[in-house]
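Please read the following account alongside the sequence and the model.

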Amino acid sequence: MANSFSTKPRFSSYLFTFLSFILFTSTILHTHDFLFISPPQLQLHSNDADLTRSHTVHTCDIFSGRWVPDELTRPLYQESDCPYIQPQLTCQQHGRPDKEYRRLRWQPHGCDIPKFNASLMLESLRGKRMMFVGDSINRGQYVSLICLLHQLIPQHAKSMETFHSLTVFTAKEYNATIEFYWAPFLLESNSDNAVIHRVTDRIVRKGSINKHGRYWKGADIVVFNTYIWWITGSKMKILLGSFKDEAKEIVEMSTVEAYRMAMKSVVRWVRMNMKPNKTRAFFTSMSPSHGRSIDWGGEPGGNCYNETTPIEDSSYWDSDSLKSIMQVIGEEFKKSKVPITFLNITQLSSLRKDAHTSIYKKHWNPLTPEQLANPTSYADCIHWCLPGLQDTWNELLFAKLFYP
């Protein structure tokens, strides 16, 4: 009797220790923004009474705020100092006369975005592979990040090469690569050619993320985006078989249904290929366009052309940014067993009608006399000038990477 009595507490102690270990392990594996870099804390303002109220870092939404002029720290680099910017984004080189769009800083309500630290970023990428996957908007963010980093790297120790859909920037002394992979739908589609992809009859193949995903395997940080290519104004055509099939089985889906199908594939790919305690997955929300000036109270028939100031109404939402798509992203990512950090740049970018490339870019085809007489007709209100808005996206990415 004494024997069995003496072993009871020991059994309970072991059981308690075992359960504690299970609980601890579960907490670590499911921490939403777990990072292989131990993050320091965001600093609250100390000199602005309006922003030093009792908001803690954990309750501060860095995606909610306002645009403020900042001539001291903006732009973060000069267009002429970054040879990696595509001619479609070099607005100053192509004659844009105003410069105020480059001198605005995003100020969250209640906290500061941590200053982008290129040295810390490069050191943290040592021996690692970072990848942006998506369309030309994501390529713009990719190039912005290269511009923010490359000046710390000697000329002989860096290179950029393109292999079909893949562009690779190598920081040789860090044994690190930052890559961009062209996949506008993330799934296989008939728009996958990185050079010739303007097709009016877009077709996306169901369940085909591994067609591209095999090239993303092994990446330590992946930043996904996809949106504008899904917005066709009509139903999406979904291929159920293979593009090689002679008789193709194609069904139609609503944009929301088709997009949900893609998000399910993203969640599945991340679960199968990313390790929560060693890697990070990000998803950048929809990039707004400013194709109708009447949306923000401008003259009918206008767009982003000749816009030089941001929209002041902080609640403004671009009409081309479907809230139903945002809802799908939230619903599907919530189910993900491996965390996907959401970079919610839509609202803050919706205010920046002034930041698009507009007419100030390289045009691959000669402009007609009719176009020249009406610049609104050929203004690009989808892509963004660099330096500019997308540098802020990377500041927010930096914040979520190091200060989750």
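In this predicted model, strands β8 (residues 221-224) and β11 (residues 280-284) run parallel and are joined by four bridges. Within this pair, I221 of β8 faces R280 of β11.

Both strands belong to an open sheet of seven, ordered β4-β5-β6-β3-β8-β11-β12, with mixed pairing. The edges are taken by β4 (158-163) and β12 (341-343); each has a single partner strand, so one side of each lacks a neighbour in the sheet. On average, neighbouring strands are turned by 15 degrees against each other, direction ignored. Helix α3 (residues 136-149) lies across β3 (129-134), β4, β5 (166-171), β6 (176-182), β8, β11 and β12. Relative to β6, the helix runs at about 160 degrees.

The largest nonpolar core has 101 residues, of which M121 and F224 touch the most other members. Helix α5 (residues 255-273) supplies the largest share of this core, nine residues. Beyond its neighbours within four places in sequence, M121 is in contact with F116, M130, L145, L149, F398, L401 and F402. There is also a second, separate core of nine residues, including C91, Y101, C304 and Y378.

Is D380 buried or exposed? Its relative accessible area is 10%, below the 20% limit, so D380 counts as buried. The side chain of D380 makes polar contacts with the side chains of K361, at 2.7 Å, and T357, at 3.4 Å.

Conventions: Residues numbered from 1 in each chain as written. Predicted model: local features only at pLDDT ≥ 70, side-chain atom pairs only at ≥ 80, totals over all residues. Heavy atoms only, no water. Core = buried A, V, L, I, M, F, W, Y, C linked by side-chain atoms within 4.5 Å. Buried < 20%, exposed > 50% of the residue type's maximum accessible area, 1.4 Å probe, protein only. Helix = DSSP H or I, 4+ residues; strand = E, 2+ residues; numbered from the N terminus. Contact = heavy atoms within 4.5 Å. Polar contact = N/O pair within 3.5 Å; in protein donor to acceptor, adjacent residues only side chain to side chain. Pairing = 2+ DSSP bridges. Axes fitted to C-alpha atoms, helices over the stretch in contact; angles between N-to-C directions.
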